[in-house]
Amino acid sequence: MPLPDLIQAAAEVRQRAYAPYSKFLVGAAMVLAGSDDIFVGCNVENASFGLTICAERMAVGAAVARYDLRQYPPQQMVVMAHPLAAPCGACRQFLSEFSLELEVVCVDALEHQRRQIYKISDLLPNNFRL
Ligand code: THU
């Protein structure tokens with residue numbers, strides 16, 4: 001999957017974000033190893049703030065609804081925000097469930113060339129496992 005396609009998908013879904021409280025729009029787009037499908041997510045806030053869903057976790061949920069991620073592990077995810085933002089701690093744990101190799105490409109929504117690339121295992125060393 002070409003990275004520009006993932007960046008485009010993240011930019012589009014970011015426009016769908018529901019963030020009336022923080023006004024901080026986040027879009028996520030993910031591909032799995034062995035599949036050409038793109039799974040997207042955006043943040044969805046709630047008047048009861050703690051219920052807010054992050055973009056990254058929505059994208060993982062969308063993928064789980066279609067594929068067994070133990071067979072099709074997440075390979076690459078674009079996280080788009082402005083300013084540039086890396087996944088929160090909860091999302092790091094959530095993302096590390098299915099692959100420690102996942103590449104997270106954080107992209108600035110206003111300047112797509114401004115990027116930071118991480119491996120999930122570097123963002124969350126020693127993730128919790130049962
Ligand atoms: N947010 C995400 O969607 N992903 C993250 O990794 C960090 C934060 C959202 C949650 C909330 O709607 C807004 O950004 C501000 O925290």
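1. A quick definition before anything else: helices are DSSP runs of H or I with at least four residues, strands are DSSP runs of E with at least two, and both are numbered from the N terminus. Keep in mind, too, that this is a predicted model. With that naming in hand, Lys23 sits in the loop between α1 (3–14) and β1. Its phi is near 60 degrees, a positive value in a residue that isn't glycine. The residue is exposed, because its relative accessible area is 63% and the cut-off for exposed is over 50%.

2. Two other backbone spots are worth a click. Asn126, in the segment after α4 (120–123), also has a positive phi, about 55 degrees, and is not a glycine. At 76% relative accessibility, Asn126 counts as exposed. The other spot is the peptide bond joining His82 and Pro83, which is cis, with omega about 0 degrees. Pro83 belongs to the loop between β3 and α3. For background, most residues other than glycine have a negative phi, and most peptide bonds are trans.

3. Now the ligand. Which residues surround it? The list runs Ser22, Phe24, Val26, Asn43, Glu45, Thr52, Cys54, Ala55, Glu56, Pro87 and Cys88. Glu56 has a polar side-chain atom 2.7 Å from an oxygen of the ligand. Cys88 takes part through its backbone, with an N or O atom 2.9 Å from a ligand oxygen. As for cover, the ligand taken alone exposes 370 Å², and the protein buries 78% of that.

4. You'll find Glu56 in helix α2 (residues 55–64). The salt-bridge limit is 4 Å from side-chain nitrogen to carboxyl oxygen. Beyond four places in sequence, Glu56 is in contact with Val26, Ala28, Met77, Val79, Pro87, Cys88, Cys91 and Leu95. Val26, Pro87 and Cys88 in that set also turn up around the ligand.

5. Elsewhere there are salt bridges to look at, five of them in the whole structure. As a reminder, side chains of opposite charge can pair when their charged atoms come close. Asp37 pairs with Arg66, with the closest N and O atoms 3.3 Å apart. Asp37 is in the loop between β1 (27–32) and β2 (38–42), while Arg66 is in the loop between α2 and β3 (74–81), so this pair ties together parts that are 29 residues apart in sequence. Asp37 is partly exposed at 26% relative accessible area, and Arg66 is exposed at 56%.

6. Arg70 and Asp68 make another bridge, 3.1 Å from N to O. Arg70 counts as exposed at 71% relative accessibility, whereas Asp68 is partly exposed at 28%. There is also a network of salt bridges linking Asp108, Glu111 and Arg114.

7. Lys119 lies in strand β5 (residues 115–119) and Glu101 in the loop between α3 (89–95) and β4 (103–108), so to speak distant parts of the chain, 18 residues apart. Lys119 is partly exposed, at 33%, and Glu101 is exposed, at 54%. Glu101 and Asp122 are 21 residues apart in sequence, with their C-alpha atoms 9.4 Å apart.

8. Last, Ser99, in the loop between α3 and β4. Is Ser99 buried or exposed? Buried, because its relative accessibility is 9% and the cut-off is under 20%. Its side chain reaches the backbone nitrogen of Glu101 at 2.9 Å and the backbone nitrogen of Leu102 at 3.3 Å. Leaving out residues up to four places away, Ser99 touches Pro73, Pro74 and Ile120.

Terms used:
Residues are numbered from 1 along each chain as its sequence is written. This is a predicted model: local features need pLDDT of at least 70, side-chain atom pairs count only at pLDDT 80 or more; totals for chains, interfaces and linings use all residues. Side-chain values use heavy atoms; hydrogens and water are left out. Contact means heavy atoms within 4.5 Å. A residue is near a molecule or strand if one of its heavy atoms lies within 4 Å of it. A polar contact is a pair of N or O atoms within 3.5 Å; within protein, one must be able to donate a hydrogen and the other to accept it, and residues adjacent in sequence count only if both atoms are side-chain atoms. Accessible areas come from the Shrake-Rupley method with a 1.4 Å probe; for residues, only the protein chains shown count as cover. Buried means under 20% relative accessible area, exposed over 50%, partly exposed in between (1.4 Å probe, protein chains only).
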